[in-house]
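Here's a friendly tour for anyone meeting this structure for the first time. Have a look at the sequence and the model, and then we'll go through some details together.

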Amino acid sequence: MNLTAELQWRGLLHDIMPGTEELLNKEPVTGYIGFDPTADSLHIGNMVPVMLLVHLQRAGHNPIALIGGATGMVGDPSGKTAERNLLDLETLRHNLACQEKQLRKFLDFETTKNPARIVNNYDWFQHLGFLEFIRDVGKHITVNYMMAKDSVKNRLEQGMSFTEFSYQLIQGFDFVHLYRTLGVRLQMGGSDQWGNITTGTELIRRMEGGEAFAMTAPLVKKADGSKFGKSEGGNVWLDPAKTSPYKFYQFWLNVADEDASKYIRIFTLLTQQQIEALEAEHAQAPHLRILQKALAADITERVHSKDDLEQALEASQILFGQGTTETLQRMQEETFLSVFEGIPQHQVSKAQLSEGIDAVTLLSEATGVFPSRGEARKMIQGGGVSINKEKLADENQRFNTETLLNGKYILAQKGKKQYFLIVAS
RNA sequence: GGGGAGAUACCAGAGUGGCCAAAUGGGACCGACUGUAACUCGGUUGAGAAAUCUUCGGAGGUUCGAAUCCUCCUCUCCCCA
């Protein structure tokens, strides 16, 4: 199956420039996608462009991931309703390094045939002077053309700085530079990047008399129309320090059926046959969440590791399976810790505990699980709190060292899904 | 440069001297149902056991009493030039 057909059935194809498909079918093409260093980790939304590169490489083409050391200094106005804050250089550099490390996990840099590459546009922008740039690049694009882009048009009312206005030229010149130096003829990205990408192909036509192509993936949304990639705590990050593998796994496990079908196509490399088989199986017994489990397992293993996946599975089993106070008590400390590695931890002093402590104080003042006593009390009264998997009926119930699992831990639970580990020390 | 409108809790948005810890909607969290769903329904959403205390852009003031009135400051938006 060729690349465009593959992307098509996976729901990864939104817009494609005429001639792109023909080019891809004819010869190996070098294509790139830019990543914006706004944070020190990629999040799952960034996995869409990552998958585009993965598919590009699997189809025998040459993928390049561009990290935006220069573009990150300016700030992409696409999809933004207000002017962005600039990042300082140090943050930027740190973010770039972190993202690069993550990108390396998904692409094959070792193959001799069509190895992936990473480039940083700061490398070619740092020595390019402003006069030189507006003379050599800016001369080829009219302000009228630039204003017609949605990213600019949408901001005309509220205003936008010259800095952000010029963003598309910077990104457009990346394309020119890569066209010249590495023979890049394709740029991909999210659908919000279409405007920036076409400024690039336009520049290539005018500056080089060359032809370059574009392809974008749709913006991923949830079935209910809300934004994809957020969980209670905010973004779902690839960095295990920001989103633990357990939480990461749980995020995917909890997606709606409709979304699971969609996401498994987008984020995994399972074949159409495999996916359809899973869907058929899922339809037989939706409560087993076959699709969600397959999706969560596949992506957790690829983003983190097999070990991380196994621990996430084990933790999920204990937390949501038949886990009782007894099973918790029987667990070895080592297993216990590895299972609960990803959940938030709070400290309590052993001395305080051995004197005996009531539930409200334990969960608020002593540990900070709840920000105030009132909130802890209300939640307990509402039947929303469990200790060591046992529902707390009385806010005045007292605890002491007897409560500790393995002589050290208390497992607190707010609602069904939010766990907190209280460590006595 | 001229004229006008406004700033209220996570967001939107009422309230224009006491009955206001502040309507209503959304969001968030909890509960019931369920598939660790969706839908629906119920509860909670400044702190405190309570008395009470701290909140309505900021600083002062008037008043027995201020989100509400006055003064100054900061910021935002709209219209005209």
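Which residue has a backbone N or O atom 2.7 Å from a phosphate oxygen of RNA strand B? It's Arg373, through its backbone. Keep in mind as you explore that this is a predicted model.

In total, 25 residues surround RNA strand B, and the closest are Leu253, Asp257, Arg373, Arg377 and Lys416. On the RNA side, 72% of the atoms within 4 Å of the protein belong to sugar or phosphate, and the rest to bases.

| Protein side | RNA strand B side | Distance |
|---|---|---|
| Arg373, backbone N or O atom | phosphate oxygen | 2.7 Å |
| Asn254, side-chain N or O atom | sugar or linking oxygen | 2.9 Å |
| Gln292, side-chain N or O atom | base nitrogen | 3.4 Å |

What about helices? H13 (245–253), H17 (306–320) and H22 (373–381) each supply at least two residues of the surface near RNA strand B. H22 gives the most, with five residues.

Now for another spot on the protein. Phe130, Leu131, Ile134 and Phe162 make a nonpolar surface patch of about 470 Å². Helix H7 (residues 130–136) provides the largest share of that patch, three residues.

Notes. Residues numbered from 1 in each chain as written. Chains lettered and ligands numbered in written order. Predicted model: local features only at pLDDT ≥ 70, side-chain atom pairs only at ≥ 80, totals over all residues. Heavy atoms only, no water. Near = heavy atom within 4 Å. Polar contact = N/O pair within 3.5 Å; in protein donor to acceptor, adjacent residues only side chain to side chain. Helix = DSSP H or I, 4+ residues; strand = E, 2+ residues; numbered from the N terminus. Patch = residues over 30% accessible without salt bridge, like charges linked within 9 Å, V, L, I, M, F, W, Y side chains within 5 Å. Areas by Shrake-Rupley, 256 points an atom, 1.4 Å probe, with all protein chains shown as cover. Salt bridge = Lys/Arg side-chain N within 4 Å of Asp/Glu carboxyl O.
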